Amino acid sequence: MTAQRQERNRMRLRIALIGLLGLVAVGSSVPVIVHAGTTERLVVDRTTGLAIDGFDPVAYFTDHQARQGQSEFEASAKGAVWRFCNDDNRKFFLARPDIYGPQFGGYDPVAVARGVPLAGNALIWLISGQRLYLFDREENRDAFAANPERYLHDARERWPGLLATLAE
């Protein structure tokens with residue numbers, strides 16, 4: 001077994017244990033169950049378990065900027081820990097993670113369009129078509145902004161195949 005596969009298995013076990021404990025979102029009496037899953041489908045820090053480096057995914061939409069979330073406003077969803085700037089943002093996200101979460105699991109859509117799962121950077125982002133996209137570098141963001149449909153067409157076609165390789 002490769003070291004990368006062993007690390008993935010360790011991460012899956014940690015997530016499964018969190019789910020078994022019935023992790024409760026901070027400041028809420030509603031339990032948020034985390035299901036064991038393939039975290040590689042979503043860009044997650046392997047050390048902290050944080051999605052998008054702890055940035056608040058809702059703040060991109062509401063504040064039009066990347067804002068670091070706070071540990072007192074956390075929730076677990078999609079096999080990761082998400083941080084928010086306030087309780088309202090956490091509620092918005094939990095109600096619609098498909099809207100507020102980064103598309104393609106936080107992978108750069110320009111790279112995905114080429115068939116490469118390259119993690120996006122939470123500080124290099126763009127809202128397009130009312131969806132959040134993260135990019136590896138500014139050049140990719142600028143190319144995407146100039147012609148989003150070109151990249152989205154290819155990325156949507158390649159994403160299912162990439163997901164299958166990420167799940168291995």
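Predicted model: local features only at pLDDT ≥ 70, side-chain atom pairs only at ≥ 80, totals over all residues.

Colleague: Start with β1 and β2. In which sense do they pair?

Modeller: β1 (residues 70-77) and β2 pair in the antiparallel sense, over five bridges.

Colleague: How many residues of β2 are buried?

Modeller: Four of the five residues in β2 (residues 80-84) are buried.

Colleague: Moving on to the largest nonpolar core. Which residues touch the most other members?

Modeller: I52, Y60, W82 and F93, in a core of 20 residues. At least two residues of this core come from each of α2 (59-62), β1, β2, α4 (97-100), β3 (121-128) and β4 (131-135). The largest share is that of β2, with three residues. Domain 1 (42-99) and domain 2 (102-167) each give at least three residues to this core.

Colleague: What is F93 in contact with, neighbours within four places in sequence aside?

Modeller: P57, V58, A77, W82, F84, Y100 and G101. There is also a second, separate core of 17 residues, with F104, V110, A113 and L152 among them.

Colleague: Aromatics next. How many pairs does a search of the whole structure find?

Modeller: Ten. In one of them, F104 and W159, the ring centres are 5.5 Å apart and the planes are at 80 degrees; over 60 degrees counts as edge-to-face, so that is what this pair is. F104 sits in the loop between α4 and α5 (109-113) and W159 in helix α7, 55 residues apart.

Colleague: Why does F104 count as buried?

Modeller: Its relative accessibility is 10%, and buried means under 20%, so F104 qualifies. W159 is buried too, with a relative accessible area of 14%.

Colleague: And how are Y133 and F144 arranged?

Modeller: That pair is tilted, 4.9 Å centre to centre with 45 degrees between the planes. Y133 is in strand β4 and F144 in helix α6 (residues 138-146), so the pair ties together parts eleven residues apart in sequence. Both Y133 and F144 are buried.

Colleague: Which residues make up the aromatic cluster with W159?

Modeller: With W159 it consists of F104, Y107, Y133, F135, F144 and Y151.

Colleague: Last one: where is the kink in α7?

Modeller: Helix α7 (residues 148-166) has a kink of about 40 degrees at W159, shortly before the proline P160. The buried residues of α7 are Y151, L152, A155, W159, L162, L163 and L166.

How values were computed:
Residues numbered from 1 in each chain as written. Heavy atoms only, no water. Buried < 20%, exposed > 50% of the residue type's maximum accessible area, 1.4 Å probe, protein only. Pairing = 2+ DSSP bridges. Bend = angle between axes of the 7 residues up to and from the residue. Core = buried A, V, L, I, M, F, W, Y, C linked by side-chain atoms within 4.5 Å. Domains from an automatic or database assignment. Contact = heavy atoms within 4.5 Å. Phe/Tyr/Trp six-rings, centres within 6.5 Å; stacked < 30°, edge-to-face > 60°.
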